Amino acid sequence: MQAKAVRSIFALFSFVLVCALPAQAETAAGKLPNVTILATGGTIAGSGATSTTTVGYTAATVGVQRLIAAVPELAKVANVTGEQVFQIASENMTNEHWLTLGKRVNALLAQPNVDGIVITHGTDTLEETAFFLELVVKSKKPVVLVGAMRPSTAMSADGPINLYNAVLIAGSQEAVGKGVLVSLNDQIQAARDVTKTNTSTLDSFKTPELGMLGYVQGNKAFFYRQGLRKHGYEGEFDISGLSSLPMVEIVYGYANMNAIGLNAFVAAGAKGIIHAGTGDGSLATPVKTALTEARKKGTMIVRSSRVGQGIVARNGEANDDELDFVVSDTLNPQKARILLMLALTKTNDSKTIQKIFYTY
Ligand code: SIN
């Protein structure tokens, strides 16, 4: 009871403190930016049995209006409106969800009265949705994906501050033209390169080696770098007429590997296979044979790596020119799957697809 009272006083104190701060997000005309929050579920909207339940809780139970109401400080930095697009745990995110979300984002950003979008999302596939949007959003206006590692009912839940930061970024001029962004733990990351690195800690989202883009500190977004790869607003992917995406599956490489799973995917009609290879995308002999056969039948093959960092070298661990394979560059397997699906909506030519992988 006493702890509850202390927490309420602390919350009131933080609220008063934030009210006293200048609204950093004001536009040049002195108006607050208009930011739409699209809610999709996840832990940020999750609830647990007690305040110490930080695992074993239920994701996607709290609606967008309650998420917004829980952070009254948002009103200081943006005119916020909310839409419940889905209410799911993100392991259930599908290609169809992505198409729906991408079309909604493009429709909203085409409106002059929308300055930026925040998408609340489960962290498990957040990086995938972010990269899909990075490739298909046709606007320079900020789009920021945000999640939380602790459910909304947890002691020291990270959702409220993450949401506040995401709205601040989405309403900031600094974020315009930077592509789709991801923000948790006071950090700003690029959709292409960020990945979830820890099952449960608050600092799970990282861009190892290539580096994050910036921080949020003192009610302001600070950027220090930006990615050089092409963004969706400059690119060729148009989802406006699509209701599905080509079937592309991932096959994971490991010692003692066989081709049973891979052959099953091909037999089921996969248009593309991402091989999450060992090391620099190396292929076990039975797998190489099966991939070669699959390619001859028309399935597109992309060699990626399970390692998580580095470039998969073209003509390194396999003769890609001879086998007519594509390499994923630095994209991890789950992101390579997304780029291959979109590439296959444009072409079946492996050389063009390889160029696409070196472009985005
Ligand atoms: C999910 O991805 O929906 C559950 C896990 C999380 O949001 O952290």
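## The second largest pocket

The second largest pocket has a lining of 23 residues, and those nearest its centre are Thr195, Gly308, Gln309, Thr330 and Asn332. This description rests on a predicted model. The volume of the second largest pocket is about 410 Å³.

Sorted by class, the lining of this pocket holds 10 polar, seven nonpolar and six charged residues. Three elements each supply at least two residues of the lining: strand 7 (195-196), strand 11 (248-252) and helix 10 (333-344). Helix 10 gives the most, with three residues.

## Helix 10 and helix 11

Helix 10, which contributes to the lining of the second largest pocket, also crosses helix 11 (residues 350-359), and the axes of the two come within 10 Å. Two packed helices are described by the angle between their axes and the distance between the axes. For helix 10 and helix 11 the crossing angle is roughly 135°. Angles over 145 degrees would count as roughly antiparallel and 65 to 115 as roughly perpendicular; helix 10 and helix 11 are therefore oblique to each other. The crossing of helix 10 past helix 11 is right-handed.

## Helix 5

Buried here means under 20% relative accessible area.

The buried residues of helix 5 include Glu127, Glu128 and Glu134. Also buried in helix 5 are Leu126, Thr129, Ala130, Phe131, Phe132, Leu133, Leu135 and Val136.

Note on methods:
Residues are numbered from 1 along each chain as its sequence is written. This is a predicted model: local features need pLDDT of at least 70, side-chain atom pairs count only at pLDDT 80 or more; totals for chains, interfaces and linings use all residues. Side-chain values use heavy atoms; hydrogens and water are left out. On a 1 Å grid over the protein atoms alone, a cavity is a set of points where a 1.4 Å probe fits but cannot get out, and a pocket is an open set with protein on both sides within 12 Å along at least five of seven lines; lining residues have an atom within 4 Å of a point. Grid points are joined across faces, edges and corners, and a volume is the space filled by probe spheres set on the points. Helices (H or I, at least four residues) and strands (E, at least two) are DSSP runs, numbered from the N terminus. Ala, Val, Leu, Ile, Met, Phe, Trp, Tyr, Cys and Pro count as nonpolar, Asp, Glu, Lys and Arg as charged, and the others, Gly among them, as polar. Buried means under 20% relative accessible area, exposed over 50%, partly exposed in between (1.4 Å probe, protein chains only). Axes are lines fitted to C-alpha atoms, for helices over the stretch in contact, and angles run from 0 to 180 degrees between N-to-C directions. Angles under 35 degrees count as roughly parallel, over 145 as roughly antiparallel, 65 to 115 as roughly perpendicular and the rest as oblique. A crossing is left-handed if the near helix is turned anticlockwise from the far one by less than a right angle, and right-handed if clockwise.
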